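Visitor: Hi, can we look at a couple of helices together? I have some quick questions.

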Amino acid sequence: MGLAIQQEEFTPEEHARFVHRLEESLEALRQVLQRPGFGVGPTTLGAELEVALVDGAGSPLPVNQQVLARSQDDRLTLELNRFNMELNLRPSLLAGRPFTGLQAQLEEVLGELGRAAAGEGARVAAVGILPTLRQADLGKNALTPQARYRALATAIRGRRDGPFQVAIAGDDTLNLAWEDVTLEGANTSLQFHLRVSPEDFARVYNAAQLATGPVLAACGNSPVFLGRRLWEETRVALFQQATDDRSDSDEGAQLHPRVTFGQGWVREGLHELFAEAVALYPPLLPVVGHESPLEVVAAGGLPKLEELRLHQGTVWSWNRAVYDPQGGGHVRIELRALPSGPTPVDMVANGAFLLGLTLGLAERVDALLPALPFSQARRNFKRAAHHGLDATLLWPAEVAPSPRPVPAVDLVKRLLPVARRGLVEAGVEAAEADGMLDIIAQRVALKRTGSRWQRAVLERLEAHMPRQDALAAMLERYLEHAEEGLPVHTWPVEPR
């Protein structure tokens with residue numbers, strides 16, 4: 001996120017200095033992006049995984065600080081709520097066998113986290129939303145006690161004139177008024193980072209926006225929240241509502257939500273998205289560092305742009321622009337829409353599909369965009385989150401000037417070869433691409449995503465026990481199958 005956060009309240013003068021620094025940083029970024037050769041380099045892949053900690057009964061266990069203290073692995077870190085942790089995987093080249101390497105690293109770090117968690121009586125659950133969560137598990141006492149999280153929670157809540165209002169309708173309905181941001185910590189995701197050349201950024205970013213809806217339809221793993229069966233990817237609705245800093249006034253209603261799919265297709269590149277974030281969103285954490293970015297650029301150096309990166313980290317785009325000054329500097333796209341779980345092989349297959357489809361579509365994205373208004377791409381994303389593989393998505397037709405409705409199952413099947421081409425042309429070994437994408441193909445053929453498996457098992461268990469007991473029993477089966485490591489489409493619905 002840029003600068004470290006040590007304070008929790010800020011003065012109007014600090015806000016003013018921060019806004020001025022953001023404007024300086026945007027100009028510094030513009031100049032850096034114009035430098036010949038900046039950010040040019042091999043395509044790389046990185047990932048972050050968020051998980052939950054649970055006790056022996058499957059209930060959330062708020063011991064993330066104690067667990068972190070039991071490990072020396074610097075890939076582990078804390079998350080917003082005390083029952084969450086994050087795994088930051090080391091980046092690798094996309095060429096070769098990157099997903100085999102990523103799966104091995106995921107298994108290694110999850111194993112280390114499991115070892116550390118066991119010392120506190122905890123287990124690790126990689127699942128989009130922990131199905132056993134109850135309201136009593138959330139609230140201000142659930143927040144990880146660090147200045148960064150307290151400051152963020154205070155800033156978001158302070159901009160509202162009332163509690164957060166959460167309303168989500170699926171098979172069941174949830175209507176909830178909540179006083180703090182800890183509902184957001186119910187969401188755990190898998191985020192991929194794709195390094196791209198600055199000159200290719202707009203084209204690849206737009207392709208990622210186009211790809212996210214169909215991919216998400218095939219990857220749902222968050223069907224239950226607070227005992228209600230809601231969306232296939234309930235995280236999408238919950239995240240926006242649980243962190244909505246807009247007031248309920250007429251003026252507040254005109255502002256943009258901080259969790260966003262974006263405002264339109266990108267025309268120019270990375271600078272455009274950073275400038276948009278500065279223009280549309282008031283600062284939440286106005287911490288000003290010591291570096292003068294324009295002085296650094298004038299001297300031929302590479303600025304850290306800590307304030308700009310900090311601000312960008314408080315705007316939660318589902319696909320986010322990233323500037324990284326490390327290693328000579330580069331730019332990335334952070335793809336943030338996928339859920340955590342069910343297994344490492346499922347997660348790397350999800351990533352292969354999303355990254356491959358992004359790269360495959362990027363080759364002809366300029367021809368596709370005129371046939372699909374941005375509002376339809378945003379609608380595809382929400383429909384995929386709500387209905388999963390039962391969604392009908394609009395997609396640019398090959399010969400017609402307007403998009404055509406296509407069932408998600410059929411669309412995913414049509415897009416898998418595009419994803420394969422994108423991976424292979426980026427240097428991924430053909431056998432590697434085929435192995436990953438075959439998992440998606442089999443999952444879609446059986447219509448067995450993580451969400452579908454959870455719903456099917458819950459329905460059978462509820463015939464014999466109350467829902468909360470059924471949710472705990474379902475999670476127990478989920479954890480057992482996840483431990484075996486086989487992809488979710490092979491999991492039996494009936495008990496063994």
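Visitor: How many of the 13 residues of α16 are buried?

Guide: First, a caution: this is a predicted model. In α16, 10 of the 13 residues are buried, so the helix is largely enclosed by the rest of the structure.

Visitor: Which residues of α16 are buried?

Guide: Among them are Trp453, Arg455, Val457 and Leu461. Gly450 and Ser451 are buried too.

Visitor: And what do the buried residues of α16 pack against?

Guide: They pack against the strands β8 and β9, plus the helices α13 and α17.

Visitor: Let's take α17. At what angle do α16 and α17 pack?

Guide: About 135°, with their axes 9 Å apart. That angle makes α16 oblique to α17. The crossing is right-handed.

Visitor: Which residues make the contact?

Guide: From α16, they include Trp453, Leu458 and Glu462. From α17, they include Arg467, Met474 and Tyr478. By class, the contact has 9 nonpolar, 2 polar and 3 charged residues.

Visitor: What span should α16 have?

Guide: At 1.5 Å a residue, its 13 residues should span 18 Å. The end C-alpha atoms of α16 are 18 Å apart, which agrees.

Visitor: New topic: α13. How many residues does α13 have?

Guide: It has 14. From first C-alpha to last, α13 reaches 20 Å, close to the 20 Å expected.

Visitor: Which residues are buried in α13?

Guide: Phe374, Asn380 and Phe381 are among them. Their cover includes the helices α5 and α6 and the strands β13 and β14.

Visitor: What comes just after α13?

Guide: Gly388, with a positive phi of about 60°.

Technical notes
Residues are numbered from 1 along each chain as its sequence is written. This is a predicted model: local features need pLDDT of at least 70, side-chain atom pairs count only at pLDDT 80 or more; totals for chains, interfaces and linings use all residues. Side-chain values use heavy atoms; hydrogens and water are left out. Axes are lines fitted to C-alpha atoms, for helices over the stretch in contact, and angles run from 0 to 180 degrees between N-to-C directions. Helices (H or I, at least four residues) and strands (E, at least two) are DSSP runs, numbered from the N terminus. Angles under 35 degrees count as roughly parallel, over 145 as roughly antiparallel, 65 to 115 as roughly perpendicular and the rest as oblique. A crossing is left-handed if the near helix is turned anticlockwise from the far one by less than a right angle, and right-handed if clockwise. Contact means heavy atoms within 4.5 Å. Ala, Val, Leu, Ile, Met, Phe, Trp, Tyr, Cys and Pro count as nonpolar, Asp, Glu, Lys and Arg as charged, and the others, Gly among them, as polar. The expected span of a helix is 1.5 Å times one less than its number of residues. Buried means under 20% relative accessible area, exposed over 50%, partly exposed in between (1.4 Å probe, protein chains only).
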